[in-house]
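I opened my notebook to look into one protein model.

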Amino acid sequence: MSPLEERIRAVSKAYPDRHSAVLPALHMAQEEHDGWLPPEAFRAVADALDVTPAYCFSIASFYDMFRLQPGARTTIEVCTNISCAARGAQQVLEAFERELGIEVGQKSEDRAFELGTIECLGGCGWATVIAVNDRQRVGVSAEDVPALVEELRG
């Protein structure tokens, strides 16, 4: 049994049913595989929880927090929900497109950056919210983007 499978089994003991542990197990597997879920990740989760890889894939493919393809080293997601939209999310998104030279849904040629949107990051009181490699930054304005991209490149 792999170290990942051992960790998943340990975490699964906190849940009343092994199926309830699939989400945290998939997060653990994604971290283990550099931010995405290759086929072997589904097998490891399935083996640890005594479910099928297809079941694990069905869960992962439903949620946008799981990546089924390798991504860029730095993924930037801009929240576009109503609060962030009212506070300039579109302008923030356009500023990232200009600074990175890519459009939403694209990766830079060197795979350093990927830009996307996300429906909600749960920070409506601190709009505009972005996630950089799943870590939130709040109160981002279009004017902040050039310095932020410079920081991320450094």
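**Entry 1: cysteines**

How many disulfides does a search of the whole structure find? I got 0. The model is a predicted one, and I kept that in mind throughout.

Next I looked at cysteine 120. Its closest cysteine sulfur belongs to cysteine 124, at 4.5 Å. A disulfide needs the two sulfur atoms within 2.5 Å, so this pair is too far apart for a bond. I checked from the other side as well. Cysteine 124 is in no disulfide, and its nearest cysteine sulfur is that of cysteine 120.

Cysteine 120 has 37% relative accessibility and counts as partly exposed. Cysteine 124 has 44% and also counts as partly exposed.

**Entry 2: helices H2 and H4**

I turned to helix packing. Two packed helices are described by the angle between their axes and the distance between the axes. I looked up both for helix H2, residues 22-32, and helix H4, residues 53-62. Their axes come within 10 Å and cross at roughly 85°. That makes H2 roughly perpendicular to H4.

Which residues make the contact? From H2 I listed Val22, Leu23 and Leu26. From H4 I listed Tyr55, Cys56, Ile59 and Ala60. I then sorted them by class. The contact has 7 nonpolar residues, no polar ones and no charged ones.

**Entry 3: helix H3**

Helix H3 covers residues 39-49. Its buried residues are Ala41, Phe42, Ala44, Val45, Ala46, Ala48 and Leu49. What do they pack against? I found helix H1 (3-12), H2 and H4. Just after H3, aspartate 50 takes a positive phi of about 60°.

**Entry 4: nonpolar cores**

In soluble globular proteins, nonpolar side chains tend to be buried together. I searched for such groups here. The largest nonpolar core has 26 residues. Ile76, Val78, Val92, Phe96, Leu100 and Ile130 touch the most other members.

Which elements give two or more residues to this core? They are strand E1 (74-79), helix H6 (89-100), strand E2 (113-118), strand E3 (130-132) and helix H7 (145-153). The largest share, 6 residues, comes from H6.

I took leucine 100 for a closer look. I left aside its neighbours within four places in sequence. Leucine 100 is then in contact with Ile76, Phe113, Val149 and Arg153.

Another core, of 21 residues, lies apart from the largest one. Met28, Leu37, Ala44 and Ala60 are among its members.

**Entry 5: backbone angles**

Last, I went through the backbone. Where is the cis peptide bond that I noted? It joins alanine 127 and threonine 128, with omega about -5°. Threonine 128 sits in the loop between E2 and E3.

Arginine 111 has phi near 60°. Its place is in the loop between H6 and E2. At 36% relative accessibility, arginine 111 counts as partly exposed.

Aspartate 134 has a positive phi of about 70°. I found aspartate 134 in the loop between E3 and strand E4 (135-137). Is aspartate 134 buried or exposed? Aspartate 134 is exposed, with a relative accessible area of 62%.

Technical notes
Residues numbered from 1 in each chain as written. Predicted model: local features only at pLDDT ≥ 70, side-chain atom pairs only at ≥ 80, totals over all residues. Heavy atoms only, no water. Axes fitted to C-alpha atoms, helices over the stretch in contact; angles between N-to-C directions. Helix = DSSP H or I, 4+ residues; strand = E, 2+ residues; numbered from the N terminus. Parallel < 35°, antiparallel > 145°, perpendicular 65-115°, else oblique. Contact = heavy atoms within 4.5 Å. Nonpolar A, V, L, I, M, F, W, Y, C, P; charged D, E, K, R; others polar. Buried < 20%, exposed > 50% of the residue type's maximum accessible area, 1.4 Å probe, protein only. Core = buried A, V, L, I, M, F, W, Y, C linked by side-chain atoms within 4.5 Å.
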